[in-house]
Amino acid sequence: MRFCALRFGKIDVLVNNAGIAKQSLITDVSFEEWSRIFNVNVGSCFNCSKSVLPHMINRKSGSIINISSIWGICGASCEVAYSASKAAIIGFTKALAKEVGPSGITVNCIAPGVIDTEMNSNLSSDDLAALCDETPLCRIGSCDDIAQTALFLASQGASFITGQVISPNGGIVI
């Protein structure tokens with residue numbers, strides 16, 4: 001992060017977008033797998049946020065946007081570790097927003113629904129069709145849907161929004 005501040009003069013926005021998952025019954029998840037999922041998904045938010053915060057606090061401005069998941073909101077069968085780690089990101093977001101709000105820093109969370117990404121590339125065409133059918137907007141989300149949400153949260157238009165979870169999910173979770 002120091003490199004970014006030196007190279008660009010300031011850090012305005014941090015998007016914490018790391019994520020790994022494992023689809024299996026909780027009884028088949030080892031402690032090492034559980035720990036790895038939490039280290040990548042939650043630990044990266046902690047490490048990156050801690051790294052940029054001194055700079056943002058000094059400037060009395062900044063925006064941190066954490067990427068969670070709908071499964072962090074409502075949980076998913078056979079994805080307990082992933083769901084729990086993404087729920088932890090929601091808690092992290094809310095607590096950090098309260099902590100750094102007095103320094104003029106906003107902290108928000110995006111909890112996407114099913115998005116056309118490499119993480120979902122293992123879904124069959126039948127699975128994707130079923131998910132489309134379950135989604136009121138009748139489609140899978142795009143990376144651009146999430147990028148536009150992040151762009152809004154990083155903008156002046158969102159300067160009075162903090163500690164919130166926005167879930168672009170096509171209505172699959174309401």
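**Around N41**

Author: Let's start with a polar contact of 2.9 Å between the side chains of N41 and S85 (a pair of N or O atoms within 3.5 Å, where, within protein, one must be able to donate a hydrogen and the other to accept it, and residues adjacent in sequence count only if both atoms are side-chain atoms). The model is a predicted one, in which local features need pLDDT of at least 70, side-chain atom pairs count only at pLDDT 80 or more, and totals for chains, interfaces and linings use all residues. Residues are numbered from 1 along each chain as its sequence is written, and side-chain values use heavy atoms, with hydrogens and water left out.

N41 sits in helix α2, which spans residues 31–59 (helices are DSSP runs of H or I with at least four residues, strands are E runs of at least two, and both are numbered from the N terminus). With a relative accessible area of 0%, N41 is buried (under 20%; exposed is over 50%, partly exposed in between, with a 1.4 Å probe and protein chains only). The N41 side chain also reaches the backbone nitrogen of I20, at 2.8 Å. Beyond four places in sequence, N41 is in contact with A18, G19, I20, Y82, S85, K86 and I89 (heavy atoms within 4.5 Å).

Two of these partners lead us onward: K86 and I89 are also touched by I67. I67 belongs to strand β2, residues 62–67, and counts as buried because its relative accessibility is 8%. Among the other residues that I67 touches are V15, N16, N17, I110 and P112.

Of the 31 residues lining the largest pocket, Y82, G113, T117, M119 and N120 lie nearest its centre. The elements giving two or more residues to this lining are α3 (70–74), α4 (80–100), α5 (125–134) and α6 (143–154). The biggest share comes from α6, with four residues.

Conventions. 1 Å grid on protein atoms, 1.4 Å probe; cavity = no way out; pocket = protein on both sides within 12 Å on 5 of 7 lines; lining within 4 Å.
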